[in-house]
Amino acid sequence: MRWIARLPGKADQPSIGLALGGGAVLGAAHIGVLRALAELEIRVDMISGTSIGAVVAALYAFGQDWTAVRDAIKGLNWLDVSRLAISKYGLLSNQGLRNLLHKSFGDKDFADARIPLAVVAADITTGERVVLDHGDVANAVMASAAIPGLFAPIEIDGRMLVDGGIVENVPVSPLRAMGARAIIAVELVSHPAAPQNLVDVLIGALHFAMARATELQTQDADTMVALDLSGFNRTDTRQIDDLIDAGYRQAMEILGAADR
């Protein structure tokens, strides 16, 4: 077991939480971070995620190593603008995401996870942050990744829930509540280019709305892994391999330095 910079306390084996932030297709870089953690022998004791971070976190929490998560994500096309499925509440269908989750780990409850898992969504009616850590995992992840305007809200326990990036894009706070004594937070940093379609417009607007809040919300993290992904597009799935490589290289540099 290796150490992370600025670990609080004095236990020999501190519990480490990993918070994975949102960022649409940029979330593929999280897989590179998982690879870096494995190679540095940094054990993740609990994990949280928002939006695409929730997708990666759920896949990881149910026993898949970084290579299996990579293979699953490469089949995800839930932001494909060619697959319009206009409804009363959204422009696209999130059936592809549901299929991926069910293919990867089936109908699972949070209690079945290999390591404790929590995901963050937002109540579109009240604007409240909603931490989902019990019940059906696939529904919770779909809610966390339901970008407003693109996907219809997901109803859970009588609440209409959408993308958690609105309220906590890098979900550090759930890990503290779960008992993590050291938190690694992964933020997907980019500067959106000129939009190419409506999906780009909506995701870009969400990015600007949450950027400042993310800076404040991650101050409680012990190690911040801010991945510079400015050269990538937030919706183009052809970049997935390059995003994974970028996440791995930058995470090795940041976490390797923290580990010394």
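Residues are numbered from 1 along each chain as its sequence is written, and side-chain values use heavy atoms, with hydrogens and water left out. Because the model is predicted, local features need pLDDT of at least 70 and side-chain atom pairs count only at pLDDT 80 or more, whereas totals for chains, interfaces and linings use all residues.

Helices and strands are DSSP runs, numbered from the N terminus (helices: H or I, at least four residues; strands: E, at least two). Helix α1 spans residues 29-39. Eight of its 11 residues are buried, so α1 is largely enclosed by the rest of the structure. Buried means under 20% relative accessible area, exposed over 50%, and partly exposed in between (1.4 Å probe, protein chains only). The buried residues of α1 are Ala-29, His-30, Ile-31, Gly-32, Val-33, Leu-34, Ala-36 and Leu-37. Arg-35 is partly exposed, at a relative accessible area of 24%. Glu-39 is also partly exposed, at 39%. These two residues, Arg-35 and Glu-39, form a salt bridge, with the closest N and O atoms 2.9 Å apart. A salt bridge is a side-chain nitrogen of Lys or Arg within 4 Å of a carboxyl oxygen of Asp or Glu. Arg-35 and Glu-39 are four residues apart in α1 and therefore separated by about one helical turn. After α1 comes Glu-41, which has a positive phi near 60°.

Strand β3 (residues 117-123) pairs with β4 in the antiparallel sense, over four bridges. Two strands pair if DSSP finds at least two bridges between them. Val-120 stands opposite Val-131 of β4. Five residues lie between the strands of this hairpin, in which Gly-127 takes a positive phi near 80°. Side chains alternate along β4 (residues 129-132). Val-130 and Leu-132 point to one face and are buried.

Helix α4 (residues 95-105) contains His-102. The axes of α4 and helix α5 (residues 137-144) come within 10 Å and cross at roughly 145°. Axes are lines fitted to C-alpha atoms, for helices over the stretch in contact, and angles run from 0 to 180 degrees between N-to-C directions. On the α4 side, the contact is made by Leu-97, Arg-98, Leu-101, His-102 and Phe-105. On the α5 side, Val-137, Ala-138, Asn-139, Val-141 and Met-142 take part. Contact means heavy atoms within 4.5 Å. His-102 is partly exposed, with a relative accessible area of 29%. Residues up to four places away in sequence aside, His-102 touches Asp-107 and Ala-138. The C-alpha atoms of His-102 and Ala-138 are separated by 7.2 Å, although the residues lie 36 residues apart along the chain.

The structure holds 10 salt bridges. One of them joins the side chains of Asp-220 and Arg-176 (2.9 Å, N to O). This pair links distant parts of the chain, 44 residues apart. Asp-220 lies in the loop between α7 (198-217) and β8 (223-228), and Arg-176 in helix α6 (residues 173-177). Asp-220 is partly exposed at 40% relative accessibility. Arg-176 is partly exposed as well, at 27%. Asp-236 and Arg-238 also meet in a salt bridge through their side chains (2.9 Å, N to O). Asp-236 counts as partly exposed at 21% relative accessibility, whereas Arg-238 is exposed at 74%.
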